[in-house]
Amino acid sequence: MAKNITSLTLASVLTSFMTLPLIGCVATSEPRYIIDSETYQATGKSERIKTIVLHYTVSNNERSIKTLTTGNVSAHYLILNQGDDKIYNLVPESERAWHAGDSGFAGRTILNDTSIGIEIVNSGIKPEYRDALKNDNLDYRPYEHYVAFDELQIKKVAKLVQNIATRYDISPKNIVGHSDIAPSRKIDPGAKFPWERLYKEYGIGAWYDEFDKQFIMNQNEFATATIHEIKQEFRDYGYQINNSDEWDKASRDMVYAFQLHFRPQRPTGELDLETYAILRALNKKYAGRDDFY
């Protein structure tokens with residue numbers, strides 16, 4: 001009695017003309033199908049990668065390598081704090097790295113699906129300040145608590161981000177820190193990550209124009225702006241913030257994350273005139289440059 005062998009891989013069906021052998025004298029063949037990627041092309045499409053997320057590891061080189069290669073967290077790239085010319089690619093860009101966690105920005109959530117994660121070896125907080133929030137009754141860490149990055153690390157970050165942003169046509173607003181996308185959970189890459197320098201020297205990311213900031217500060221708009229209106233300004237830029245009519249802890253966490261990025265010398269978590277003016281200046285500069293789809 002004959003027995004048909006009927007299981008074929010999809011790749012075999014699409015790329016080869018298969019003949020299925022039968023026990024006995026009878027043979028059958030499957031039709032050959034061709035994938036045509038030339039005749040018709042859709043215009044409703046965009047790059048799958050939309051965001052670059054920068055992190056620090058809160059660890060040294062050895063522990064960072066172990067954590068990111070053997071644990072349940074990962075990143076596409078790792079930049080060590082040693083004097084060599086290497087940037088380590090831990091996860092292919094075509095695959096999903098586990099670096100963002102519960103996160104959101106610019107209308108997207110589950111950012112692991114649409115982002116490239118870059119980890120930079122840095123201990124985060126200076127040892128003498130690690131218990132300061134508890135001991136000194138601080139709500140948020142000031143600038144001096146953070147550890148600076150090595151010059152070579154910054155140069156590597158700049159070249160890597162330039163390359164990725166160009167290849168995927170990533171919006172300047174979507175080059176962010178972990179704290180920007182998860183403000184109640186994360187504070188990295190911290191107050192000493194040089195966002196302004198990367199913008200001015202390498203054209204990386206978003207930054208406000210000082211003239212616009214000063215003009216808005218002189219207009220007295222902040223005195224009459226409601227909490228609802230200010231929170232909408234944050235949403236317009238891309239931040240996820242709640243709808244409460246108060247500056248509750250979650251809202252202040254987001255303000256602190258914004259300040260870490262755009263006013264790092266004085267991150268307080270308090271919404272003041274300068275923070276408001278920077279936010280308005282950013283929205284003026286980048287209005288209409290969202291990339292939601």
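Contact here means heavy atoms within 4.5 Å. The structure is a predicted model, in which local features need pLDDT of at least 70, side-chain atom pairs count only at pLDDT 80 or more, and totals for chains, interfaces and linings use all residues. Residues are numbered from 1 along each chain as its sequence is written, and side-chain values use heavy atoms, with hydrogens and water left out. The chain holds eleven helices and nine strands; helices (H or I, at least four residues) and strands (E, at least two) are DSSP runs numbered from the N terminus. Of its 293 residues, 43% count as buried, where buried means under 20% relative accessible area, exposed over 50%, and partly exposed in between (1.4 Å probe, protein chains only). Among contacts between residues at least 6 apart in sequence, 62% join residues at least 24 apart.

- Asp188 lies in the loop between α5 and α6, and at 6% relative accessibility it counts as buried.
- Leaving aside residues up to four places away in sequence, Asp188 touches Leu54, His55, Tyr56, Gly177, His178 and Ser179.
- The C-alpha atoms of Asp188 and Tyr56 are separated by 5.7 Å, although the two residues are 132 residues apart along the chain.
- A cis peptide bond, with omega about 10°, joins Asp188 to Pro189.
- Pro189 is in the loop between α5 (178-181) and α6 (195-202).

**Nonpolar core**

- A nonpolar core is a set of buried Ala, Val, Leu, Ile, Met, Phe, Trp, Tyr and Cys residues joined through side-chain atoms within 4.5 Å.
- The largest such core has 59 residues, of which Leu54, Ile118, Ile164, Ile175, Phe193, Phe234 and Tyr237 touch the most other members.
- Helix α4 (residues 151-168) supplies the largest share of this core, eight residues.
- Ile118 touches Ile52, Val53, Leu54, His55, Tyr77, Ile79, Leu160, Val161 and Ile164, again not counting residues up to four places away in sequence.

**Helix α9**

- In helix α9 (residues 227-237), the buried residues are Ile230, Lys231, Glu233, Phe234 and Tyr237.
- Seen down the axis of α9, these buried residues fall within an arc of 145°, so they line one face of the helix; the arc is that of the directions from the helix axis to the C-beta atoms.
- Their cover includes β6 (104-105), α8 (221-224), α10 (249-262) and α11 (273-286).
- Gly238 follows α9 and has a positive phi, near 140°.

**Packing of α7 against α11**

- The axes of α7 (residues 210-217) and α11 come within 8 Å and cross at roughly 125°.
- Axes are lines fitted to C-alpha atoms, for helices over the stretch in contact, and angles run from 0 to 180 degrees between N-to-C directions.
- The two helices, α7 and α11, are therefore oblique to each other; angles under 35 degrees count as roughly parallel, over 145 as roughly antiparallel, 65 to 115 as roughly perpendicular and the rest as oblique.
- From α7 the contact involves Asp212, Lys213, Ile216 and Met217, and from α11 Leu273, Glu274, Tyr276, Ala277, Ile278, Arg280, Ala281 and Lys284.

- Ile110 has a positive phi, near 50°, in a residue other than glycine, and sits in the loop between β7 (108-109) and β8 (115-120).
- Asn137, also a residue other than glycine, has a positive phi near 55°.
- Asn137 is in the loop between α3 (132-135) and α4, and at 70% relative accessibility it counts as exposed.
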